[in-house]
Amino acid sequence: MSDSVLQVRHLTKHYGKIKALEQLDLDLPRGSVFGLVGPNGAGKTTALRIIAGVLEPDAGEIMIDGRLLDGDHTYWAAKIGYMPDFFGVYPDLMAWEYLDFFARTYRLPAVQRARRIDELLELVDLTEKKYTFVQALSRGMQQRLCLARALVHDPELLLLDEPASGLDPRARVAFRTLVKRLQQLGKTIFVSSHILLELAEICDQVAILEKGELKAAGTMAEIEPQLTKQHRTLRVRSLDELSSLQAFLVQQDGVLSVRQDGDCLEIDFGGDEAAIATLLQRVVAAGFRLLSFHEISSNLEDLYLQLTKGETQ
Ligand SMILES: Nc1ncnc2c1ncn2[C@@H]1O[C@H](COP(=O)(O)OP(=O)(O)OP(=O)(O)O)[C@@H](O)[C@H]1O
Ligand SMILES: [Mg+2]
C-alpha cells in the first residue's frame, strides 16, 4: 500500500479490563475522507488520541507516510492536525488570539502568523468574528475555530473527533461542506462520529468500531453487504403455535434472537442467503406449517444499530 498516508497495525489499548482497542488495522488512502464510526465507548477517541501522539498504546504500530511513530514527535506533529472531542475554553482570548496562541506553539514567524490566521478565519467563515471573544462564539463557531486551530501548521492529515457533535442540522451541513473543501485542498481527513449516515455522505471509506474491534470497513458500497451478512431481520408467519416455533428457532444456527410481533415472529439473524435457505429447510423439515418467511429490508443505519449495541463493558 504505497499511497496510504496513515497505516495502523494491531493497535491495542486496554484500560484495566476494558478493551478500548483490540488489534485495530486501518489504511487511510492519501486525499481521502475516512470515517471512524461506532457507538459511545467504541474506542474512537482512544484511536485518534494514540494516532495524534497524545496517548501511548499498549501494542501496535502507526506509520505516517511509511514512517513509524516513535519518540520523535516533531516530525509527527508537523504532519498531523488534531481536533479533540473536547476543547478547553479560553475565555479571555479573541478568535484571532486563540489561533495566534497555537500558531506560536508551532513557531510560525510573526508576519506569517498574521497572514495564516486571516486565511484560516476566512476558510472557516469566521472573518467577521476575528475580534470576538471565544466565549461569545456559538458552539458551531467554536467548533469551526477549533478546526482552524488544527490547521494552523498546514498539516497533511487531519484527525477530527466528533466534529459535528452538538451542532444543529444547518451547522452540520456547513461542517460537511468544510470537510469536503479541505479534501479539495489536498488534506487527508480522519473523522469520527457515532452516526453512520452522517459520515456516509462525505466519506470515501468508513470503518465501524464496536468495543475496540473493527466490525466492517471499506467504501459504503462495500460496507453494506458486510453489515447485511452479519445482521438481517427475518419475518415468519405460521399456522402453528408461535411459542413452539419460537422455541425451535432459537436453537438454530445463525439465529441471534426471536421476538413476537403481532401474528409474526421476527428473527435477528446473522448469516448469508445460503444460511437463510438452510434455516427455512429446517423449519419446514421439522413440520412447521409456514404462511410466509421473508427478509425485511433494513436500511444501513438500522443494520449498523443492530450490529453495534453500544453496551458499556
Ligand atoms: N482514561 C481512561 N481510563 C479508563 N477507561 C477509559 C479511559 N478512556 C477511555 N476509557 C474506556 O475505553 C473505552 C473506549 O473509550 P473511547 O473514549 O475511546 O470511546 P469513544 O468511541 O470515543 O466513545 P464516545 O462516542 O462516547 O466518545 C470506553 O469503555 C471507555 O470507558
Ligand atoms: Mg469519543
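**Glutamate 201**

I began with glutamate 201 and found its place in the loop between helix 7 (196–200) and strand 9 (205–210), where helices (H or I, at least four residues) and strands (E, at least two) are DSSP runs, numbered from the N terminus. The model is a predicted one, in which local features need pLDDT of at least 70 and side-chain atom pairs count only at pLDDT 80 or more, while totals for chains, interfaces and linings use all residues. I number residues from 1 along each chain as its sequence is written, with chains lettered from A and ligands numbered from 1 in the order in which they are written.

**The whole chain**

I then stepped back to the chain, whose secondary structure comes to eleven helices and 14 strands, and whose C-alpha atoms fill a box of roughly 85 × 40 × 35 Å along the principal axes. Of its 313 residues, 35% are buried. The chain is divided into domain 1 (4–221) and domain 2 (232–297), with bounds that come from an automatic or database domain assignment, and I recorded 44 Å between the two centres, taken over C-alpha atoms.

**Strand 7 and its partners**

Which strands pair with strand 7? I found that strand 6 (residues 80–83) runs parallel to strand 7 and is joined to it by four bridges, and that strand 8 (residues 188–193) also pairs with strand 7 in the parallel sense over four bridges; pairing here requires that DSSP finds at least two bridges between the strands. On one side, methionine 83 stands opposite leucine 160, and in the other pairing leucine 159 stands opposite phenylalanine 190. Within strand 7 (residues 157–160), Leu157 and Leu159 point one way and Leu158 and Leu160 the other, and all are buried.

**Nonpolar cores**

Leu159 came up again in the largest nonpolar core, which has 68 residues and in which Leu99, Leu159, Ile189 and Phe190 touch the most other members. Such a core is a set of buried Ala, Val, Leu, Ile, Met, Phe, Trp, Tyr and Cys residues joined through C-beta atoms within 7 Å. A second, separate core of eight residues includes Leu234, Val236, Leu265 and Ile267.

I next followed an open sheet of four strands, which are antiparallel in their pairing and stand in the order 2-1-4-5. Its edge strands are strand 2 and strand 5 (67–68), each of which pairs on one side only. Strand 4 (residues 59–64) and strand 5 pair over two bridges in the antiparallel sense, and there isoleucine 64 stands opposite arginine 67.

**Ligand 1**

Last, I looked around ligand 1 and listed 14 residues, of which Tyr15, Asn40, Lys44, Thr45 and Thr46 come nearest; a residue is near a molecule if its C-beta atom, placed from the backbone, lies within 6 Å of it. Strand 2 (18–29) and helix 1 (44–52) are the elements that give two or more residues to this shell, and helix 1 gives the most, with three residues.

Methods
Buried ≥ 20, exposed ≤ 12 C-beta atoms within 10 Å, placed from the backbone.
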